[in-house]
Amino acid sequence: LKTIPITSHIRVIIFYLYISATSGCGDIEVKDDYAYVACYGDGLKVVDISTPTAPSVVKTFYANLANRLDLQGDYVYVANGIGAPDFYIVDISDPANAFVAGTSDVGDDCRSVEVVGDYAYVGEWSGGGGDLIIYDVSDPTSPTRVGIGASPSLTSDDIMIDKYTGYVYMAKQSGGFEAWNVSNPAAPTLVYTFDPVYNVSWLIPNNNYLYLGTGEANNIVYV
């Protein structure tokens, strides 16, 4: 985890390197004085950043494969790639004493996650088929899988939902890009696919465009 002071809009100085995760880190969310870091094989880390030059890890959860996470309100939702549980929810109402509120372990191999309202939209890792999984998280202590969209491609590196259209967008590495209609969470429907040739790993919305970040030769494609 690097703490980076932004001294101007064109100059960034890295002044402190604090923790290293042997497996690297794939995602981070920050709320108040705490950072929540998905550190792959080192699990989810809760980091006190109240003193930026001396952040400290206060909690670690499930040292197997925390891939991506989403933070909504007092909960962090974690897509866990290998090992149990597949998907879990951490109560961060008291960050120093954060705890796992609920888990799901039904054989999904989770890679990416985004939460909107009462549902968590999760993209599977290639080992699980790369499908779209929808969980009902209205009760964070008991997340329940309610829908599966069988994807024609494998790993789902990133996922996002358009709150206006109700579509879920997925970055599918070599499988390109997919759009899903999730108006019925129990029966998500694949409505569009696009293969830009490059491996698609990130989704970044801006105005009326969705930018697809790739891991090859700094290519960016927009749709």
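Strands β15 and β16 form a hairpin with five residues between them. Gly166, in the turn, has a positive phi of about 80°. The model is predicted: local features need pLDDT of at least 70, side-chain atom pairs count only at pLDDT 80 or more, and totals for chains, interfaces and linings use all residues. Residues are numbered from 1 along each chain as its sequence is written, and side-chain values use heavy atoms, with hydrogens and water left out.

- Strands here are DSSP runs (E, at least two residues), numbered from the N terminus.
- Strand β15 covers residues 158–161, and strand β16 covers residues 167–171.
- Four bridges join the two strands, which run antiparallel. Two strands count as paired if DSSP finds at least two bridges between them.
- Ile161 has Val168 of β16 as its bridge partner.
- Both faces of β15 are covered. Asp158 and Met160 are buried on one side, Ile159 and Ile161 on the other.
- Buried means under 20% relative accessible area, exposed means over 50%, and partly exposed lies in between (1.4 Å probe, protein chains only).

**Open sheet β3–β6**

- Strands of a sheet pair through backbone hydrogen bonds, either parallel or antiparallel.
- Four strands form an open sheet in the order β3-β4-β5-β6, with antiparallel pairing.
- The edge strands are β3 (27–31) and β6 (56–61), and each pairs on one side only.
- The twist averages 20° from one strand to the next. Axes for such angles are lines fitted to C-alpha atoms, for helices over the stretch in contact, and angles run from 0 to 180 degrees between N-to-C directions.

- How many of the residues of β5 are buried? Five of the five are, so the strand is largely enclosed by the rest of the structure.
- Both faces of β5 are covered. Leu44, Val46 and Asp48 lie on one side, Lys45 and Val47 on the other.
- Strand β4 (residues 34–38) pairs with β5 in the antiparallel sense over five bridges. Ala38 stands opposite Leu44 of β5.
- β4 and β5 form a hairpin with five residues between them. Tyr40 in that turn has a positive phi of about 50°.
- On β6, β5 (residues 44–48) is held by five bridges, again antiparallel. The bridge partner of Leu44 in β6 is Phe61.

**Aromatic pairs**

- The count is six aromatic pairs. Rings of Phe, Tyr and Trp (its six-membered ring) pair if their centres lie within 6.5 Å; planes under 30 degrees apart count as stacked, over 60 as edge-to-face and the rest as tilted.
- Phe87 and Tyr135 are stacked, at 4.6 Å centre to centre with 15° between the planes.
- That pair links distant parts of the chain: Phe87 sits in strand β9 (residues 87–91) and Tyr135 in strand β13 (residues 132–136), 48 residues apart. Phe87 and Tyr135 are both buried.
- Phe177 and Tyr192 pair edge-to-face, at 6.2 Å centre to centre with 65° between the planes.
- Phe177 lies in strand β17 (residues 177–181) and Tyr192 in strand β18 (residues 189–194), so the pair ties together parts that are 15 residues apart in sequence.
- Phe177 is buried, at 2% relative accessible area, whereas Tyr192 is partly exposed, at 41%.
- Ring pairs also link Tyr169, Phe177 and Tyr192 into a cluster.

**Charge over a ring**

- The charged end of Arg68 sits over the ring of Trp202, 4.2 Å from its centre. The rule requires NZ of Lys or CZ of Arg within 6 Å of the ring centre and within 35 degrees of the ring normal.

**Asn67 and the cysteines**

- Asn67 is found in strand β7 (residues 66–72) and is buried, at 1% relative accessibility.
- A polar atom of the Asn67 side chain lies 3.0 Å from the backbone oxygen of Cys110.
- The Asn67 side chain also makes a polar contact with the side chain of Arg111 (3.1 Å). A polar contact is a pair of N or O atoms within 3.5 Å; within protein, one must be able to donate a hydrogen and the other to accept it, and residues adjacent in sequence count only if both atoms are side-chain atoms.
- Cys110 is buried at 0% relative accessibility, and Cys39 is buried with a relative accessible area of 0%.
- The structure holds zero disulfides, a disulfide being a pair of cysteine sulfur atoms within 2.5 Å.
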